[in-house]
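Welcome to a short tour. Please open the model in your viewer and keep the selection tool ready, and we will go from stop to stop together.

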There are 2 protein chains.
Amino acid sequence: MKETLSSISQRLGISTATISRVLSGNAKKYRISEKTAAIVTAEASRCHYIPSLAAQSLRTNKTKTIGLLMPKLSNPYFADISSAIISEANSKGYTAIIADTMENVEVQKDCISALLSRKVDGIIAAPCGNDSKIFKEINARIAPVVLIDRYFEDATISYVTSNNYKGAFDATSLLINNGHKNIVCIQGDEASLPNKKRVGGYLDALSTAGLQDNARILGNAFSIQNGYLETKLLLSSSSNRPSAIFALSYTILLGVIKAIKEASLVIPDDISIISFDDNISLDYMTPSISRVGQPTEEMGQLAAKMLFNKLNDNDTNELVSHIELSTELLIRKSVIKNNGADEDKDKDKNEDK
Amino acid sequence: MKETLSSISQRLGISTATISRVLSGNAKKYRISEKTAAIVTAEASRCHYIPSLAAQSLRTNKTKTIGLLMPKLSNPYFADISSAIISEANSKGYTAIIADTMENVEVQKDCISALLSRKVDGIIAAPCGNDSKIFKEINARIAPVVLIDRYFEDATISYVTSNNYKGAFDATSLLINNGHKNIVCIQGDEASLPNKKRVGGYLDALSTAGLQDNARILGNAFSIQNGYLETKLLLSSSSNRPSAIFALSYTILLGVIKAIKEASLVIPDDISIISFDDNISLDYMTPSISRVGQPTEEMGQLAAKMLFNKLNDNDTNELVSHIELSTELLIRKSVIKNNGADEDKDKDKNEDK
DNA sequence: ATATTTAGAACAAACGTTTGAGCAAAAATA
DNA sequence: TATTTTTGCTCAAACGTTTGTTCTAAATAT
C-alpha cells in the first residue's frame, strides 16, 4: 500500500540510493544513466510514490516548512498578508504553519517555541512588542527571519513594509489641500514603527503647510475602542473641534465613525475623515471612506520571496534587504472642502497661544 | 549544542529507551522508578531538550499536524473560523497548516495532495464543489475529516455548521413581522448546502405567514458582484419593487448596498435590508445592518475538538457527529416597519396573477 | 599488454525516535 | 532453600531518507 524507496528498489532491482538521486533531480550530478533514470521516474509516478517528509527532514534537517507569526489572523489586514504568503509558499513546494500571537508578547514567546520545535526552515513575522532580541537571535543562529509590516530599525533583520510615512503624508496633504487646517490624528500603538512613521508623515505634511502648531495626536492603540473613546472625548469639548480626523488604522476608524454618529455629526459635512488601511467595506459605508491602501498581497509575496532567497543562497546568506512598498491614496467621499471655517481655525490658534 | 535522547543518555548513563518513556509520560506504565524519572525530567528541562518531531513522525507515523482546507482565507468569515481552529490546535500541542483553495475545485485537489503528502493526522475542511468522494475516501482510509460550514448530506463525515435554516427563517420572520410582504432573497452558490438551508428557511417563513406566492429568489454566487447585479436588475424594473431584501451573505450584502445607493434609494426608508453573516463593519454602516450572526469561534473550536476526539479515541473511531450551532439575530437599524405599502403589495400580487 | 581513468551503480552509515523483547536483580511465594 | 513473580531497566530493530565511500566493468591512455 505505502510506497517507499525500498519497495521501489526491490521491485526494480535498483538501489535506494540511485532512486533517491534520480527522484531528487540529481541524476546527472551522480552520473546515473538516462535509461535507469527513465525507468525510475516512470515507476515512481506509476505507483504514486510520495516521499516521506519526516524521513527527509530527519536526514537533511530541512522541513520545507516556514513559520508565520501573525498578531491577529482575524484582522483582515493580516489575513490578507497571510493568504498571500501561504500561496507563494505553496507554489514553491513549502507549506506554512501559522501561529496567532493575539498581540500578546507572552503568547508570542510560546508561538516562537512551537515554531522552532517544528524546526521551520524560516520565519515570517509581524512581531508584537519591541524586543528585537529574540528575532535577531533566531535570525543569526537558527533560521532566517523576515519581518513584515512591523520591523526593527537596526538593520540586521530583513523586512518588507509599506511606505507608512508617505502614505500618511499623502493622506494629510489631501486634507490640507481641501482647506483643512485643524486636523486631528488618532494613532495606534505608539511603540510600533509603522505608527511612528505614520505620525511622522502627518506631522511633516502639516509642517510643509506651515500648520505644525495645529498638530494634535491622540490615542495609543490600534483598536475600535481607542478610536471611539478618543473621538468621543474630542467631540465633547466644543471649544476646538477639528474639521478633519485622520485615523491611523481601520479599527481606529470604526471607533471614530461610531463616536461621530453618536454626536449626531455628519461625515463629511461636519467633519472630514480619512483612514489608513484598505478594507472593502469602506466603499460601502455612507459616505464611502477615503483611505491609504497598503499593497497587502505584494507585501506577502515579497516577504515570502525574500525568505526563499535566504533559504537558497547559502553564499550570500548575510544579505539583508529592507523594502518599502508604495501605498495608494484611495479617494472616496469622506473628505470635502473645508467651507470657510477658517475663522474658527484662527480663533482656535489664538486660543492655543 | 543540539540535545538528543542519546546525548542525554550518555550524560546520565541511562538508556534512551528509558528517557523516551519518561519524557513521553509513560514512566509508570513501564515501571520506571520515581527516582530515575525525576533525574531524567530534571536534566531534560535543564538542557532545554526539544524532541525531534521528524524522528517522532518517522517512527510513529503521526505528525501532530492537522490540515486546514479553506476556500478563501481573505474572507473574514473563514479567517475567523481558521483563527479559532488554530488556537485550539495549538493549545493541544498540534500545529495547523492552512491551504487556500480559492474556491476552485482543481486547486482544492492540489491542496489535498499537499496536505496528504505532509501526512497530516487529520483534516478540517470547508470544501468547495459538490464532490464528496475524495473526502469520504480520505476519511475512511487515510485520516479523519471534519467538515465545517459546508458539508455533505450523506451521513458518513462529521461536520459542524450553524443552523442556517433557522437563521434564515428568523431573518425572514423579522421582516414579515415588520409588515413586509414583498421580500426578495438574493442567494449564493445554489449547490452549497448552507445556501439551500437558508433558502429553505426563507421559503418556510414566507409560507408560515401565507406569503409563499411572494417568494422571489435571485442570484447564484456568494460575491459582491452577484449581489450588485441582481439588485441592480431588480430595482431597474419599477413594477414590482420589493420592500425588503434578504442577502444570503456578507459579500452579497455589499453588492446590494452598492446597487441601492446607485439607485438613490435610502435604507431603510425606501427598502429594508437584512443579511446573513456577522461582520463588525456592519455596525458602522449607515444605517447599521441587521443580520444573522454565526458563531464562528465556537464552530472552529468545536470542529477542532471533534477532530481531536477522533484522533484519540481509537475504539470509537467510527463515531460520526453532526452538529448545528445556533445563529443569532442581530437587530440593528436596517429594518423598519413597512409603512402602509400594503396596497402596493396587493396590487403586485394581482399583477402577478 | 598494462596502467589509469571514467561511468554507473551499490553499500552502509547515519538522522533521533519509539517500542517489543529480553535480562538481571530484588521481592514474594512455596 | 528453591521457585516464581515483580521491578527496573537495557538492547536493538525499525521508521524512510540522503550521501560519502566503495566497487565493478568498461573505456582510455601509456
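**Stop 1: two cis prolines**

Select Pro287(A), which lies in the loop between β9 (272-276) and β10 (290-293) of chain A. Helices (H or I, at least four residues) and strands (E, at least two) are DSSP runs, numbered from the N terminus. Show the backbone here: Thr286(A) and Pro287(A) are joined by a cis peptide bond, with omega about -5°.

Before going on, a few ground rules. This is a predicted model, where local features need pLDDT of at least 70 and side-chain atom pairs count only at pLDDT 80 or more, while totals for chains, interfaces and linings use all residues. Residues are numbered from 1 along each chain as its sequence is written, chains are lettered from A and ligands numbered from 1 in the order in which they are written, and side-chain values use heavy atoms, with hydrogens and water left out.

Now move to chain B and select Pro268(B), in the loop between α11 (250-262) and β9 (272-276) of chain B. The peptide bond from Ile267(B) to Pro268(B) is also cis, and its omega is near 0°.

**Stop 2: a strand residue and its contacts**

Return to chain A and pick Glu328(A), found in strand β12 (residues 328-330). Which residues does Glu328(A) touch, not counting residues up to four places away in sequence? They are Arg291(A), Val292(A) and Gly293(A), where contact means heavy atoms within 4.5 Å. Val292(A) is 36 residues apart from Glu328(A) along the chain, yet their C-alpha atoms are separated by 5.5 Å.

**Stop 3: a positive phi**

Next, select Met102(A), in the loop between β2 (95-100) and α6 of chain A. Met102(A) is a residue other than glycine with a positive phi, near 55°.

**Stop 4: two helices side by side**

Colour helix α6 (residues 105-117) and helix α7 (residues 133-141) of chain A. Their axes come within 12 Å and cross at roughly 10°. That makes α6(A) roughly parallel to α7(A) (angles under 35 degrees count as roughly parallel, over 145 as roughly antiparallel, 65 to 115 as roughly perpendicular and the rest as oblique). Axes are lines fitted to C-alpha atoms, for helices over the stretch in contact, and angles run from 0 to 180 degrees between N-to-C directions.

Show the side chains: Gln108(A), Ile112(A) and Leu116(A) in α6(A) meet Ile134(A), Phe135(A) and Ile138(A) in α7(A). The residues of this contact divide into five nonpolar, one polar and no charged (Ala, Val, Leu, Ile, Met, Phe, Trp, Tyr, Cys and Pro count as nonpolar, Asp, Glu, Lys and Arg as charged, and the others, Gly among them, as polar).

**Stop 5: the domains**

Finally, colour chain A by domain: domain 1 (5-51), domain 2 (63-162 + 296-327) and domain 3 (164-294 + 330-352). These bounds come from an automatic or database domain assignment. How far apart are the C-alpha centres of domain 1 and domain 3 of chain A? They lie 64 Å apart.
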